[in-house]
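Morning, everyone. Please bring up the model on your screens, and I'll walk you through a few parts of it.

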Amino acid sequence: MTHAATPQPSTSRSSRSQSFSSPSASKEFLGRILGLDGEPVGTCFQVAPGYLVSARHVVADAGGGQVPSTVGFTDMSADGWEDRRTARLECEDEVNDLVLLRCDQPLPASISHLALSKPQAQNTEVWLGGFAVQQDSGGSHHRRYLETTGRWEGLLENSDRVVCGVVYADGTALGMSGCPILRTSDNAVIGVLSHRYRGEEQWGDNRVWVSQVEDLVRLCTGVAADEGDLAGLIPLDRGNAPIRLAERGLLAEAPLDQQALRSDTRYLQDPAWSAPWTTATRAMHAGEVLLISGPPGVGTTTFARRVLAHASPDGTSLIRLDPGDWDTPSAAVLPRRPHTAYLLELRDPDSDRPTADFLHDLSLLAPWWQSMRIQLIITVAEELWRGQRAEEHPHLRPVYLQHAPDPVKLARHRLTLRHPELAHVVDQPAVHHHLADRNAVQTMDAVAVILQEIDRLTSTPDGDDRPGGAASSDQPDTDITQADQRMSTLVARVAERLDDHGQTLDVLFTGTSTLATPVAVPWSATIRSADRSQTQPSPHEAPTLTQAAADDTGGGPRHGLAVEERCLLIALAARNTARLPQLETDARRLKAILLGASPGTTDRPPSPLQVLSGGGLRGRIHRVGARVGPSENVTFRRTSFGPAALRYVWDNYEPVRRALTRWLIGVAGEGTHEQELVAGHLSELLRRHQDVGFIKTTLAELAIKHENIELLTEIVFAAATDEHMQRRCERLLYDWSDRPERQQVVVEVCGRLLQGPRRSLALRRLRRVADTDRTPPQILGSVLERWRRAADSHDLAGWFRQEATAWIAADSTRVSARLAFTALLTSTAADGMPWLLSAHRQQLPRADEMLGEVLVSVASTPGVGATIAGLVERAADDDELYARTIDQIVKASVANGLIRQLWDLETELQQVGARTGRDPRADIQNGLNFYRAYPAPPPPLPEAAAAPGSGNGATGAPQLAAPPVHPETAPPQTAPPPTPHQPPPITKTTAPGPQVPEPESPPDQGPPQDGGAAR
């Protein structure tokens, strides 16, 4: 037995592929142990900040034969040996050849975790890396860094009863002693390289002996670190996880920035959250799984992220988990990376409802996660948490947020960060009144409104007009300062924007809502002023709806609106402005839809006397708070009243939502402007309630029935990009991806999501659409178009090529693989070459066969023909690329028996020829004629048996020639006839020439048939 420092006779390395993330990353926790002369003698690695592990004999060699009290080391990634640091001896294990060192200048990183050596299965793939000295006939050569792979063979017990691991690795070298043995599947350290066996028997070659992790853990136990016992700080996989990790990952991961979350000044620690905060942080430090719930909009996500960042140790990786594809929560799919804190959000009532089994499994896994330094916070929507009893399961800690932060304090805090001089606008009575009783989400909506008005105020010149009055220079009170003037203007504008007009609408929607029986309500009771203690409005405040109406009627009683008037109000609210005839038509249509949605009701037209006895159109418009302007344009007296009225009806009349949506879809179908208006209204209404269920059922049904997929797409996209609806919308896209009538929405929405941070999930949804058996051809064409855009995008091309190549290589038989391959055809590889002709194509062993499958789908899948034509056109400017492209198409067609399918490309090829001066149709035809004339070359004769002069004859045909010869290198008028298996020259014209007819078939063959060339 000799040390691994023994020179090796060969520099060969294992041929097995490495699954380690990257060699550069692996260097960060590695170092070199330096001898007395400053030269490296071995390798060490960092198990925790400031704690290094190596083989004992390496440190002894560095001390001249004895283990010194201090030893020099350097960073493995350092540029030179001069970056010398000093480590102190902490403890040693001479029997198992281990040593623990402590330093004040830690390495940049530490290992991921340890895993006990004894449970390791035979043939587990491992990785080794460190400093090395290799020898050959020229002498010794220092390698700053060398890595190799190997496999775990098992355990060995020596005659002195010392147990060590055995690893087969043929790439180890002098100097690698002390390096970690990493399990490539998860980078766990399963041993420390100690010795290399060099016996006379052949079986002993290329095997190394490894110190066990069990002995390393004992060495670290009892060593006092800053945060406790050192052994307890290093994640340890004991091989006894109570639940096996599922192979198929169903959770998408997104990183969170720990430092950014900790230093985020936008966060406000409200006293209402003090007790939950204390409970949550203590539970995290105790290794418990945290379950946070609360009413909608209370701020559970913000609270959970803040706790995650503050309660996790410094340097912990924070990951947000999105359960995109599961049908019910499962602990088996939760990732298990050490030194990681996860945040999982459960919101979808259809697929995220936690079960008793899920909670039980979390309880079982919690202690194991703690040993691996893993933390988990789960936020659960209140409706999903009702009836759960987490207290029955140990290691689970429920936290309930009952109250949102104080809305005025939260708004003031956020405004202070942007405009401290105007933040006290929230303390003005008119604004303060509208902020009261809002939850966190509603408060942030109000803050956005206030910021918009501040930006509007600061971007206009001094003396800008007030909401309904004169400019500041015309004000009679000269004592008002400019700052007061600006604040007064801001207060009026913000109050108008935030006003929900609740009292006014309560009056208008009071009573039986028939013209015959109005309900009288004193209008003076509904007047709202800036200061609620006043009985009259501020002179600078715009009149309220009821006040304006009362002013025009001499202060008479105010009545609830009749049905016709309510329809008129809703119609104007939907359009913002409309002409009189249009408004009356809209109201009539809405009433008809409401009657149709009400069983047992009929719309009997009123008699002329009834019509005349009621108010006229202008009078009814006046009653709903609107006015008629020039050209009979109708608008509300207060611009915020229309959106408030829509919200009021939506919130208070749930049975009306379906009929109202049907009517709005009809309005949206009138034009682009109306479409945008309706999409905005419905998106805002649904976002207020986070009502993905309405989108999934009623809205989808009505939009598809009335053929307005565009409107449905806009609303789904808006919901999918809203942080509070995102999770449920992504599940909605999953459910719709196999339903042909809704797949176009999925394609359109995911096509947009490809441009944002959720691109990976969007790509998975598009793959699911493509791989569904019932997907129509036009939908496949739409998927192809989105992927072509991604493949050609400057920002997405590299990412898409990597993703697509991986799943094509995994299963090239799927439709999604064919479409992705098609999209890649016209993309540019990293080396600047067309992807089909680049080295990247070699990563796909079935590339030629897949090109044939693409040609098969030219007629059946929209966009494939244009893609092939685009490939030819891209190569047309370069003779060599063009020739190779034509040859690839011809060979794929012949090899797969697809002669006839090529003529489905005739129109596209003619158009390419017209634009490029080439004649790709004729060039492809010439190539096909050549391969038909010489379907398969006979095997060459043995050199000894070949007849003299037969090398280029029919009996001794050469192998298939290189790409077709260009006419400039072989002019057509002097070019000799092509020899067997040499394709004919490529034609090039300065302008599109006459069409070359399809050559007639030889008399004994008949017309060309699919697969004829193969025969």
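I'll take the barrel, then a helix, then a strand pair, then a cavity.

Ground rules. This is a predicted model, where local features need pLDDT of at least 70 and side-chain atom pairs count only at pLDDT 80 or more, while totals for chains, interfaces and linings use all residues. Residues are numbered from 1 along each chain as its sequence is written, and side-chain values use heavy atoms, with hydrogens and water left out.

Helices (H or I, at least four residues) and strands (E, at least two) are DSSP runs, numbered from the N terminus. Two strands pair if DSSP finds at least two bridges between them.

Six strands form a closed barrel in the order 2-3-4-7-6-5, and the pairing is antiparallel. On average, neighbouring strands of this sheet are turned by 45° against each other, direction ignored. Axes are lines fitted to C-alpha atoms, for helices over the stretch in contact, and angles run from 0 to 180 degrees between N-to-C directions. Look at strand 2 (residues 30-34) and strand 5 (residues 70-75): four bridges join them, antiparallel. R32 has T74 in strand 5 as its bridge partner.

Now helix 3, residues 213-220. Which strands does it lie across? Strand 4 (51-54), strand 6 (85-93) and strand 7 (98-103), with an angle of about 45° to strand 7. Contact here means heavy atoms within 4.5 Å. Among the buried ones are V213, L216 and C220. After the helix comes G222, with a positive phi near 90°.

Next, strand 11, residues 163-168. Five of its six residues are buried. Strand 11 pairs antiparallel with strand 14 (residues 207-212) over four bridges. V166 has W209 in strand 14 as its bridge partner.

Last, cavities: sets of points on a 1 Å grid over the protein atoms alone, where a 1.4 Å probe fits but cannot get out, with lining residues having an atom within 4 Å of a point. There are five of 30 Å³ or more. Strand 22 gives the most, with three.

That's the tour.

Terms used. On a 1 Å grid over the protein atoms alone, a cavity is a set of points where a 1.4 Å probe fits but cannot get out, and a pocket is an open set with protein on both sides within 12 Å along at least five of seven lines; lining residues have an atom within 4 Å of a point. Grid points are joined across faces, edges and corners, and a volume is the space filled by probe spheres set on the points. Buried means under 20% relative accessible area, exposed over 50%, partly exposed in between (1.4 Å probe, protein chains only).
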